[in-house]
Amino acid sequence: MADRAALEDLVRVQGERVRGLKQQKASAEQIEEEVAKLLKLKAQLGPDEGKPKFVLKTPKGTRDYSPRQMAVREKVFDVIISCFKRHGAEVIDTPVFELKETLTGKYGEDSKLIYDLKDQGGELLSLRYDLTVPFARYLAMNKLTNIKRYHIAKVYRRDNPAMTRGRYREFYQCVNDRRILDGMFAICGVPDSKFRTICSSVDKLDKVSWEEVKNEMVGEKGLAPEVADRIGDYVQQHGGVSLVEQLLQDPKLSQNKQALEGLGDLKLLFEYLTLFGIADKISFDLSLARGLDYYTGVIYEAVLLQPPARAGEEPLGVGSVAAGGRYDGLVGMFDPKGRKVPCVGLSIGVERIFSIVEQRLEALEEKVRTTETQVLVASAQKKLLEERLKLVSELWDAGIKAELLYKKNPKLLNQLQYCEETGIPLVAIIGEQELKDGVIKLRSVASREEVDVRREDLVEEIKRRTSQPLCIC
């Protein structure tokens, strides 16, 4: 065994050497020579080397969801979807991958995070990076100029994932306008060619200090220090409509046509926010940049706040849970005639929300139901499987969510314990006497109260008792 372990170590070291040579793009002859040595070492290991060795893990940045976690997901989706529908939204779906050329050039510096797929069937494909570009392609293909839609689906990004943890209390929204940013860059002296890359640096201000952002602008992106300082005077400001009014009077910014248009629209937005009674929950933040190239106007993020550690401290932002903006030019990039279709939207970061809800449930030690079963069909004696099957079929046909234990003769105590463990509120118990009398014994799991219900009335009685919606959080 010791000799084999030493040989396996040699195989590992030689394998690393071969991989290193390939990464260094060494000559083909040198690589072939080292590969031959590797194969020779593997041959000495014998037949056991051919056995597959599996590492049981999910790919980086992904996760499995247990029944409990899926119950939380469904509840979150129900809340989100009900809000969309309340405002008249329709639902669409698009393929999980797109033609690579559809996604190319739409995301600025983030384009490097797109997953490309190998050529399959003669088309170069990429996994979708977001749902916005596929939506714009859908609008252009179908020649649509008016639709209020929602779309819930997975997207894929080759970034370094991190789940922010914490106890959360509330959220606020940050708003800006890409036209204000571009106008600000112009009056500060940023060259046109550097607008997008400097925008990407500014977008990091919610995570790092201004000094770090400035160092990146000057040291890595070649911006003049005095230009960076002028940008800093603007992007460190945030406030409400009063800041909009102040910037409208700014002697330089007010002379820039783009910035003036953006400020005018933000002023109108705050008027609408006041009508909705939520202006105090919105912050006009000049550092909000949103890195994607396709934004053309207002941009926004919803940011969660963590309660302050000590009294008197400001709450800390712990991450964005929703973000979006206006992208009037994106559809025209796919339209043969270049038609401009006004578009505005947002995406909700459901994975972060799931994490938050899970944390809250764990902190409160709340039990989460993983099924919506309303009643368990049980038997009090043996040899009643057929009767249980007939009754559960009747309940299914009537739209009742019902189940039974998949045992021929389960003990009544085990059936009742199953209901308590899974949160099933009712048990419909069949017994020999009940069959003779034409009734079903209906038991409340919580109170343990039992009543005889005529079989023909059972469906209505179950519906009456379970009419309250189930809640998991």
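Where does Lys106 lie? In this predicted model, whose residues are numbered from 1 along each chain as its sequence is written, Lys106 sits in the loop that runs between helix H4 (100-103) and strand S3 (125-127). Helices (H or I, at least four residues) and strands (E, at least two) are DSSP runs, numbered from the N terminus. Local features need pLDDT of at least 70 and side-chain atom pairs count only at pLDDT 80 or more, while totals for chains, interfaces and linings use all residues; side-chain values use heavy atoms, with hydrogens and water left out.

Lys106 is buried but has no salt bridge. Buried here means under 20% relative accessible area (1.4 Å probe, protein chains only), and a salt bridge puts a side-chain nitrogen of Lys or Arg within 4 Å of a carboxyl oxygen of Asp or Glu. The nearest side chain of opposite charge belongs to Glu101, 8.6 Å away. What the Lys106 side chain does reach is the backbone oxygen of Thr102, at 2.9 Å. Setting aside neighbours within four places in sequence, Lys106 is in contact (heavy atoms within 4.5 Å) with Glu101, Val133, Asp293, Tyr294, Leu330, Met333 and Phe334.

Zooming out, the protein chain has 16 helices and 15 strands. Its radius of gyration, taken over C-alpha atoms, is 31 Å, well over the 23 Å that the globule rule (2.2 Å times the number of residues to the power 0.38) gives for 473 residues, so the chain is more spread out than a compact globule. Along the principal axes, the C-alpha atoms fill a box of roughly 90 × 80 × 55 Å. Buried residues make up 39% of the 473.

Conventions:
Buried means under 20% relative accessible area, exposed over 50%, partly exposed in between (1.4 Å probe, protein chains only). Lys and Arg count as positive and Asp and Glu as negative; His and the chain ends are not counted. A polar contact is a pair of N or O atoms within 3.5 Å; within protein, one must be able to donate a hydrogen and the other to accept it, and residues adjacent in sequence count only if both atoms are side-chain atoms.
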